[in-house]
Every structure is written in structure tokens, then in C-alpha cells.
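Here is a short briefing for a first look. Keep the sequence and the model in view as you read.

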4 protein chains.
Amino acid sequence: MTFTVAVSGASGYAGGELLRLLADHPEFEVRTVTAHANAGQPLSAVQPHLRGYTHLTLKETSTETLAGHDVVFLALPHGASGAIAAELGDDTLVIDCGADHRLESEQDWADFYGGDFHGTWEYGVPELPRMSGTQRTRLAKTRRIAAPGCNASTVALSLAPGIRAGVIEDRDIVSVLAVGPSGAGRALKAHLLGSEILGSANPYAVGGTHRHIPEIQQALRWAGAAEPTISFTPTIVPMSRGILATSTARIVPGTDAATVRAAWEDAYAGEQFVQLLPDGQFPRTADVLGANTALLGLAVDEAAGRVVVVAAVDNLVKGTAGAAIQSANIALGLAEATGLPVNGVAP
Amino acid sequence: MTFTVAVSGASGYAGGELLRLLADHPEFEVRTVTAHANAGQPLSAVQPHLRGYTHLTLKETSTETLAGHDVVFLALPHGASGAIAAELGDDTLVIDCGADHRLESEQDWADFYGGDFHGTWEYGVPELPRMSGTQRTRLAKTRRIAAPGCNASTVALSLAPGIRAGVIEDRDIVSVLAVGPSGAGRALKAHLLGSEILGSANPYAVGGTHRHIPEIQQALRWAGAAEPTISFTPTIVPMSRGILATSTARIVPGTDAATVRAAWEDAYAGEQFVQLLPDGQFPRTADVLGANTALLGLAVDEAAGRVVVVAAVDNLVKGTAGAAIQSANIALGLAEATGLPVNGVAP
Amino acid sequence: MTFTVAVSGASGYAGGELLRLLADHPEFEVRTVTAHANAGQPLSAVQPHLRGYTHLTLKETSTETLAGHDVVFLALPHGASGAIAAELGDDTLVIDCGADHRLESEQDWADFYGGDFHGTWEYGVPELPRMSGTQRTRLAKTRRIAAPGCNASTVALSLAPGIRAGVIEDRDIVSVLAVGPSGAGRALKAHLLGSEILGSANPYAVGGTHRHIPEIQQALRWAGAAEPTISFTPTIVPMSRGILATSTARIVPGTDAATVRAAWEDAYAGEQFVQLLPDGQFPRTADVLGANTALLGLAVDEAAGRVVVVAAVDNLVKGTAGAAIQSANIALGLAEATGLPVNGVAP
Amino acid sequence: MTFTVAVSGASGYAGGELLRLLADHPEFEVRTVTAHANAGQPLSAVQPHLRGYTHLTLKETSTETLAGHDVVFLALPHGASGAIAAELGDDTLVIDCGADHRLESEQDWADFYGGDFHGTWEYGVPELPRMSGTQRTRLAKTRRIAAPGCNASTVALSLAPGIRAGVIEDRDIVSVLAVGPSGAGRALKAHLLGSEILGSANPYAVGGTHRHIPEIQQALRWAGAAEPTISFTPTIVPMSRGILATSTARIVPGTDAATVRAAWEDAYAGEQFVQLLPDGQFPRTADVLGANTALLGLAVDEAAGRVVVVAAVDNLVKGTAGAAIQSANIALGLAEATGLPVNGVAP
């Protein structure tokens, strides 16, 4: 059967990527695309790369335009999705690509976002190890899904296997990320201008202020961490897409390298979209460009007493839109990989 | 007075950058440029951006062509400088931009480089804090200088003040770097092709194998570290030049944020080429492009118990050629900043 | 029915892109991948982004390994495909992504390539206007196809409609192209290093020496040109993929702007993969990244007496691998668009 | 003697580059920097790469803050400089980096800019060939200089020698440029965002609408053209700075290749900042990054009957700020090259 689909926020980067991926999904039919400032324009005027959608015009984002679809993807600014979702029927599958429903802790929400707390939906990272099993089972049959923060899910997938297996400590984790500017969306900000981005690496949110930190800690607690601490620093580098996350954690004393590695091998042995590379190999972001794949490489640094996990993810695909569709597939009982590319566009 | 200068390895990136900087140095006169495979060619055929040197032709690299100059810069592959330097007179100022004379420990050399140990020269990072004073005093009047590894000096400058002041621990340091491919030189390697580099972030030497690790540890010991450990991961990002090093270390328990920050402020208060940005500001690599400046930003992450220092350096200038010239100025008794740019080329 | 497929040159950029696209083709099954220097290695060691092919190992390129497939794609260096093709059965569909069989004129071959002339196969650009109809009809049922040169087909598609309609002159055409370095393949050449490509625009083959010139002229003659002349200059710019071709031709005096535009509108009215943008819109290469789409924008410059056509193409897709698969679909009687993406990966 | 200097528009890209270059100028002392929205801020907050100016604070742009300096550089939006200049004394040297005073023809101004016509100042491209001599002589002792449009001066320098020597025709010139986004300034526009610029080539002002067209035609008329026509297309490519202009013109029939080449050789034989590369060599924009150098390569394409001139210029230096300072040097009777770099920052 075919599910009818609406995409709100279709003029943004996440919305555009949802549409690009949905074009190849055999069970979904995009009926409605909505936007805010660009409502009324042809979609192709705003997303000229989406040549398969030249028949669509952007409508206003409202419960009226979104109602009546089987699946509604929300790619809206933070704080905008709660009210809309409340108006959509309980049998409508709603996937929120914003942050509103990711956090369980009202205190975390207050500390890092502020404003009204919107409640918690199922977290859209199927492969994420939990103390028993994975996040996947929680997504089956739910009708409310919170697509992950791109940086948060990349780091969580990088470290959760070690936490669950008890081979790494949850204190004193360090993650440094090289990320493309598309993760910041289409906002007109001076530091996102091409002239500022080209030829330069730019840190931001240094020193523990990034909003994805509590999301990472929450995921690590799901895997068994008691009270994880993480030093988290993202840096914008000159590639439009991609996250290369280098995460390190202290190895539990007395654990040998093979045991460390086995924790990740076991966690992702059966996964199609989260793959651990062979020993000595490490991923590049180009390897996952446009693909719903998270590629991990792992090294044990005995001198430093740390494991180093390098993860490559396309922030707009496995980090956002691909995760949303993968989770929707699960919730609807479709084959999980339906319509999702595994091969990157390289070079 | 004017000092005569020879630059060997003038067809490489470090050699080219030495020449670019030397062109604006009022006390140095480049008389001789040498190369290996490109000997016999006009310099401008190999370094077409050096329009001020169109009169020079590359000679063979040999003691004959290098002898008779006041200053000789060696920008040669590892292992090539020792024999040449031995033949140059003791009164010739020799600055080696290669790794041969950086390490004090023969064991470190054996572990990370291998082959004959070449002995140790004065390390060319004047601002580097030592237990008392700085490296600067050791450079005065020496005639043998080892220019630093670009990644190593960037990380060392980032953390040494905290070590010397006793505000950070020397165990469990983590550094992750975004670096441009010019740091790898002009070698014809598949992973350095433009098609592979563009649009991608690529890790290398993951897990404690990078040759700059012992060099960092040595510099931290000079600042007072007992037995420093460091998890060090460089990633190549799509910018031709630049290092953005994110380094974190555990704060000694009980040290407040102001005390932490004061360690760096004190260390670099009088420095022209190593500057700590005001609280809340962090550097971009574009800010130091083409300049002999290391820009540092610092944050105290109390939740993580770590200080985060982000440093931006142009790997070819403050990381290599600029450090070499700055050190040469000191050794010759010139004003330290002679001929060295402090402003970056941005955007 | 499913056609069995072999891809030779699978370790190169064109070969890799064939495999990426074939992964989504429902009627093709890749059985064999071959290479030269990399034979014996797992495909994923050389093409780490192709996560869906981790079961394949590269074999030697030979008639033995290639024989017995329904379809053979050759992505080999110039001069290597003729001998292999001769050994494959006449009923095998062979698509050559190299230049060996593109040119009809033995003199052109001698002037621009040299060496043995290999004969001419059907040119794999279905939409190319010919004096009557399009190239498409020639591809039906052929078993030998020459995939186009990426620059050549981009320029030919840009100008052939105007030639056929008689609205532009065939003398004094000028084309200047911004191209990504992947068009030059994976060759280890100093000017293709990332450090040389990043932050720079680099011309090459200036002054009428590029090998795609006779291929363009040939295509324009097919559209009715008598003796076309073209000033053709490619410049490498810092993007891994993509061609942005700016082509101008003199408008036949007395032709009004609407008539000029109509020539292109008519030529591509029914085409899915070659699209003329509305008046005033022009394409970006990002719009076609990873897609089999050629996007054209057209302006009439009355003061200059010239039409300007700007075309964006992904050199590896519509410029090479996508064109090859599209042509193969036609030759095999499949729906022409089978397995080919029309939406670009942007931003 | 030292001249006191004020720079208005110091928070923009042109203003920043003026300051970077003036820092190395031994005869100029920057006393005042002014801005509009950023007035009141420390200069280093807006231009963090200018580490040598941390003592300066941005003042309001007004005749009060600018008066009393020997030299005033105006880097303001179009239309803003006329009124200010009128208030500054006739003995103040005023260099306008905006477009207000470049065009001689009030009709051209009306057609391409609109609004009040501001009159014409001496054009700041000293090397530009005129029917007799160069533009240089007109700059001596003037107190009002219009710095050139970056694209316009690049194309004018590319073709004027051939016009003056009578070896190329002035009808049917074609120029296509690959340019970095910094030429568009720091304006917050969606198409200038890093995500849009990275990995893509984007045309703009296609079809004869770019404001630099009449400026080019004016310069060619100065060299002897009667009624030049030019098809001019700029494309933004992913490099922060730089112009690579490919310009072609029809060779006057009967002119041999050596005669063509000699026109350019003669025109620039004595020039330090405009250099013609040897036959067969062509410039890259990286070769002139940060330098006041225009590098030209020239080929005669006999089959096409055209000369092709490829020129590389840093839009912010030789294209704007360097041209302004070079012209100021001439006007003040200083050595023309004072304080201006000739070597590019590469790689």
C-alpha cells in the first residue's frame, strides 16, 4: 500500500533532503509540501535541485494543510512542532525533525533550550544500543517519533556500544566534530557566509554549551551510563555536508583491545546502516555523502588508555532525514531499509 | 647588516613559504635556492606564485651549493639534514624544518621515526613556556635550530601554560585537529588528490601513531609535566592550509575558572605572535592564514571538569617557516618580529 | 528480466560511479568488477563509499573475466577498450566510457589522440538533437555504445538546439567551463593534489588543444553545422564534481529573442534528463550533483548579439556513468529512466 | 614623511583588506577606521584576523571622523561616497573603492546603476594601456581616485593591449569569469551562504546585465576601441577570493601569432604588478592570493581565430584594495610598489 505524506518546512535543508529521499521511496507519496516565508512559491524555485517535484507548490504550514495524510514530517524551527502535532490525529504518524520532543528531562530542556517543555517522543535512531536490545523495538507501532540531533546521534552511536558492554568509562568522554555548515540550516548569519566558511575551520559552542550535549548523555544513560560527562566541541569546516566525529573514552582498566573492539562488533553486527570498518580503517565523510550510512572506525590507544572512535555521517541523511524515514519505515511495518541509499556519493 | 641566505628544498611547500616570507625580510637576502628532482629549473616554474624570485634557478641540494651563506634553511625530507648540517660551518646558522633534530629522546626517535638518531637542536618555538621562562632564551646565539612540527607546536602552545601553572593535569589530554593537506607536503599520494580532499573530512594516524605525539609530550615535560599522556587525532579537512587544534585537559580539582584562564593570560601577556582571545571568543584558521600568529581561545567546561583550548595556526607559517625565521631572528640578535606578518589574509 | 553486468575499471572514478548507480537499477545485476593495479583487493578497500558491494572482489581486467555477461561497461584508459571489445560477443552490450570509439573522423583521432583508430560506436547522448530527430533512435538495439566525453556532451547539449533550428551561427562559438578535478580521474599528478586545487581556479588545455573539441564539433555537425569553430577553455575549480559550462554563440541576425529561446524549448520539451530552466533562471552544479540531469539556463544578450547558455552537469553521472546506463537502457528496450536519479544532492 | 590615513567601511571585506595591506606600508599611518552598523565596536571584534590593529575602535562614518587625514579610503556601498567626498578638502587624497566615480558616461550610469550621477574620478589601474601611454600618468598628483571594479579591471587588463596594438577586434569579445564570493561583500544573502557556495559553481548576472560591462567597454575605448561589444558572464566558485577571467577576442585577420603575443609583451614589459607568463603557461588564482599581482597567460587559437587571455587576480587586492593603495602611492609621489606584496600565498 502507499502512504500519503506531507512535509512541512520543505524550503529548508532538512525538508529538501526528506523530499530527495522520499522520491525514491516506493511506499510513500508526497502530496503536500509546506513552508513559512516561501509559501505560495513553486517548490522548484526554492529547491532547484529537486527536479522530480516541479509539479508541487509550497502551501502554508498549518494543521489544515498537514491534516489528512498518513505520515507528516515536521522540519520546523524549535518550538513550532508541539502545537501542530497536537492537532494531528493520533493515528497520523508524525516525525519531528526538530528538537522539541527529543529530551526526557524537563531540566535538560530548560537548561539548554528554554521555553515550554513539549514532552518526549520515541527517539529515531533504531540501532542505538540500550541496556537490553536496541531503540528499534520502541519505534515499532509508535505514531510519534523524534528524529535525532545529527551531532548527538553520531556521538551516541560512536560510544553507546562501549558503555553497554562495560568496556569504557562514562566519565571524561571527549568528542570533537568537524561538521559542514548545512547542519546550521539556511539561516542568514554572517559567520555562515561562504566567504567566511571557505578555507577556514571555525569552532562554535565551545566549553559545554551545545544543545546536543544532554541528548548524548541521555542516549548513553539508555546504554547503561550512570552519570556521563562529555567535553563536546564542534568545528565548522568547508564542506557543505557531513559530520566527522572523533570521540574518545577511557577504557575500563584491565580490558584488552580485542574485548573493546568486540563491543562495537557485537552491537552493529547485523546492521545495514551502521557499520564498523575493519581494524586499521577509518571513514571519511565523502564515503557517506547522500547515504543513510554511519561508518565507524575504532582504535585502541593503549598509551593513552583510551578508545578512539571516528564516525562519519551525512548530517542531512543518517543525521536527520534518513533517520526520520528509517524510523517511519519501522513504525509503519515496512522493511526498514525501504527507499534508503547505503552507498555514498564519492568522490 | 644583511645576512645571506640559502633555502634547500625550495620546490616544496615549506621551502616556498620560507621564500615568500623572506621576500619581506629587510635583513635577509636569498642568494641560493636548491632542490632535488627540480634542480636546474627556474624557481618560478615550480613556485609560480613567487613572482619576486623570477631571477633564481634551483640548484642541486649539496654542501657545495649551501656553503658560504650566513643562514641556511633546510626544508628536506626526514633523515636528509643531518649529514648536510655536519658539513656546514659551526658559525653558519642552520635551521632544520624537518624532524631530524627535534626529539631529545633516542627512544622516541626509534619508536616513531626509526633509523639513525641525529641529535637534538634547539627547538624553534620561542614562546613555549618552560618550567622557568620560555624557550626564547635557549634560541639566542645558538647556530642550530629545529623548527617545530606544525601540529606539535600548536598543541604544545595550547597546553603548556596550564601545565606550568599547575592548573591542569598532564594525564589524559585529548587533542583533535582539523588540518589542511599542505601539512603533508607535495607528495603524490592518492588520498591527497583534490577529488578525495574536497567536500570530505578524513582522519589519519588514529590511535596514537602520529609522529608529533612524542614532540608534544617533550614540550609538556619542559613545562613541568611528569608523564603526560595524550590521545591525538588529526583529520584532514578541505582547506589548503591551517590547523585548528581542539585540546582538552582535566582541570586540577579545586581550581577555579579565573585561575585557569590566568595561567594562559600570564604566559602570553607580552607575546606578539601567540595571542589569547578574550573570554568567549575563539579563533578561526582564516584569521591566521599567511600570518605568523597562533590565536588561542579558552573555555572552562565545569560540567566536564576540563579546560578546552582551541588554537588556530597556519601550518606553513607559525607552524613551520615563520617559526623558523622568528627563531633565526632571535639567534642572530635581530628584532624577533622582523619581516613576519601578524595579520591574517581573510576572508 | 535481469541482465548480468560486468564493470571494468571499477577502481576508478567512472567505474565507481557506474556501480553506485547500478546499485539502484532494478534490471541490472553486477556480477563482476575488474581492475588493473588493484586486482585481487576487495572492492570496498578501493571504493569505501560503496557499502552495498562489500561482497565483491576486484578481478583482473581481461576478456575471460568480462565474457559471459549481458552488459559490459568499460571504464578504462584511452586505447584499452578496442581489443577487449573485439573479443566480446556481438550480442553482448558493450558501453565504452573511454574515448576510443567516440569520433567518426580518423583525422580528428590522429590530431587529438594519436595511435590506432578504433572505429566509431553509437554516441551515448540520447537527447542530442540531430538534423532530424535525436540521437536516441540510433541507440535502440545497438550493441556498441560510446559514452560521451563529459565536457563535450555538456557543450553539445548546450548549443545543438540552436544549430538545428538555425538561430545561431556555427562559427565563433566560445565555451568556458568550470569543472571539478574528478573529471581528470584518479591519476597521481601534482596539479591535482588537494593543496593545489583548494582555494584556486586553474585553467588547462588553453588555446584549442583539449581533446573534447572535435567531439563537440562532430555533435554540432550532426545538428546541421557546416564547419563549426569553437574556442574552448576548461578551468578546474575547487569542487570534486560538476561542470558549469558557459557557452555563447552569435545569434543569426534578425532572429528575435523568443525565437531563439523556442529552439531550446522545442528540443528538450519532452526530456526528463535535459531541462531548460525558465527565463531568468540559471543552474548551479549543486543542483545536479549525483543526478543524471543536465540543467540549462539561457539568456539572449542583444547588446552582444549572442545567446548565452549555461549548463550544469555532474561529470560522473550525466557526463559519464549515467549517460552510459541511460543509453544501455535504450539499447536493451528498458524504460530509459530506469534506475537513474533526477534529483540532485544539495546543498 | 608619513601620511595619516582614514579607512571608512572598515568592517567590510574591502575595508579589511585595505587595513591588512596598510599595516605593511611604511609611509601610511592608519589613524581612523569607521563603519556604519558596527560603529562603537573594537575593530578586532569585526575583523579578528587583523591582529595588528587591536588598539582601534570603529567610529561612525561621517565627514567629521574622516576629515583631517592626508588620505581617505572610502569602502562604502554604492551611492554613499559622493556626498562625503564633497565635504573633504581638495587637498585630501580620496580613493573611492565603490563604483560611484568610475564611469564617464552618465548614460551608462543610468543604465547600469541608476540614481544620481556622481561625476568621474581618475581610474585607479595604473598599468591600463591607453591610446598613448598608460593610465599611470593621469594618477600622478590627482586627489580623487576611483578604484576599479575587480572584474572590470581584470578583463580590461586582459584585452586592452591587443586593442591598442590593433591585433584584436573590439566586436564580439567574450569573457567568462570564475570568481570567489568575497567579491559580493559581506551581505547576508541566501545564495552567498556557505552551504550554497561549497561544492558548486553558480552563474549570476547572465546575459549582459553585470554592472562591470560599461566599465570594461570604457577601458577598451581608452585603448582605442571604437564600439566594443562583450558577452560577460561571471560564475561564483568555491574559493573565498580570486578571479580567473578567461577572455577571448577575434584576431584581426592576417595577424600572426607572434605579433599578437608581442602586443601584450610590449604593454607589460616594465610592469611589476601585471605580468605576462611565458608561452604555454597560465596562471592560477592561488598564485596571486593576497598579492597585488595580475598574472596573464595568452594563447593564440588559430583554428578558432581567437586569442585567449587567462588572467588571475585577487579581487580584494589588485582588484580593489591593492589597486587603491598603488594608485595612492602614485598620486602622492611615493614609489609605486611601496607596501604592496607581489608574491602570492600558495598553496
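Does A:Lys141 count as buried or exposed? A:Lys141 counts as exposed, because its relative accessibility is 73%, and exposed means over 50%. The model is a predicted one.

**Positive phi angles**

- Most residues other than glycine have a negative phi.
- A:Lys141 has a positive phi, near 75°, and is not a glycine.
- A:Lys141 sits in the loop that runs between helix 6 (136-139) and strand 7 (144-146) of chain A.
- A:Asp172, also not a glycine, has a positive phi of about 75°.
- The loop between helix 7 (150-165) and strand 8 (173-179) of chain A holds A:Asp172.
- A:Asp172 is buried, because its relative accessible area is 5%, and buried means under 20%.

**Cis peptide bonds**

- Most peptide bonds are trans.
- In chain B, the bond joining B:Ala346 and B:Pro347 is cis, with omega about 0°.
- B:Pro347 belongs to the segment after helix 11 (317-332) of chain B.
- In chain C, a cis bond runs from C:Ala346 to C:Pro347, and its omega is near -5°.
- C:Pro347 is in the segment after helix 11 (317-331) of chain C.

**Chains C and D**

- Chain C superposes on chain D by a rotation of 180°, with 0.0 Å of shift along the axis and an RMSD of 0.0 Å.
- The two copies are therefore related as by a two-fold rotation axis.
- Of the interface residues of chain C, 100% are also interface residues in chain D, so the copies meet through the same surface.

- The size of an interface is often given as the accessible area lost when the parts come together.
- Between chain B and chain C, about 1500 Å² is buried, and carbon and sulfur atoms give 64% of that area.
- On the chain B side, B:Leu188, B:Leu193 and B:Leu198 lose the most area to chain C, together 41% of what that side buries.
- Chain B brings 18 residues to the contact, and chain C brings 18 residues.
- Two salt bridges cross this interface.
- One of them pairs B:Arg186 with C:Glu196, whose closest N and O atoms are 3.6 Å apart.
- Six residue pairs are in polar contact across the interface of chain B and chain C.
- Helix 8 (residues 194-197) of chain B supplies four residues, the largest share of the side of chain B that touches chain C.
- That side of chain B divides into eleven nonpolar, four polar and three charged residues.

How values were computed:
Residues are numbered from 1 along each chain as its sequence is written. Chains are lettered from A and ligands numbered from 1 in the order in which they are written. This is a predicted model: local features need pLDDT of at least 70, side-chain atom pairs count only at pLDDT 80 or more; totals for chains, interfaces and linings use all residues. Side-chain values use heavy atoms; hydrogens and water are left out. Helices (H or I, at least four residues) and strands (E, at least two) are DSSP runs, numbered from the N terminus. Buried means under 20% relative accessible area, exposed over 50%, partly exposed in between (1.4 Å probe, protein chains only). Copies are superposed by least squares on the C-alpha atoms of residues with pLDDT of at least 70 in both. Contact means heavy atoms within 4.5 Å. Buried area is the accessible area (1.4 Å probe) that two parts lose on being put together, summed over both. A salt bridge is a side-chain nitrogen of Lys or Arg within 4 Å of a carboxyl oxygen of Asp or Glu. A polar contact is a pair of N or O atoms within 3.5 Å; within protein, one must be able to donate a hydrogen and the other to accept it, and residues adjacent in sequence count only if both atoms are side-chain atoms. Ala, Val, Leu, Ile, Met, Phe, Trp, Tyr, Cys and Pro count as nonpolar, Asp, Glu, Lys and Arg as charged, and the others, Gly among them, as polar.
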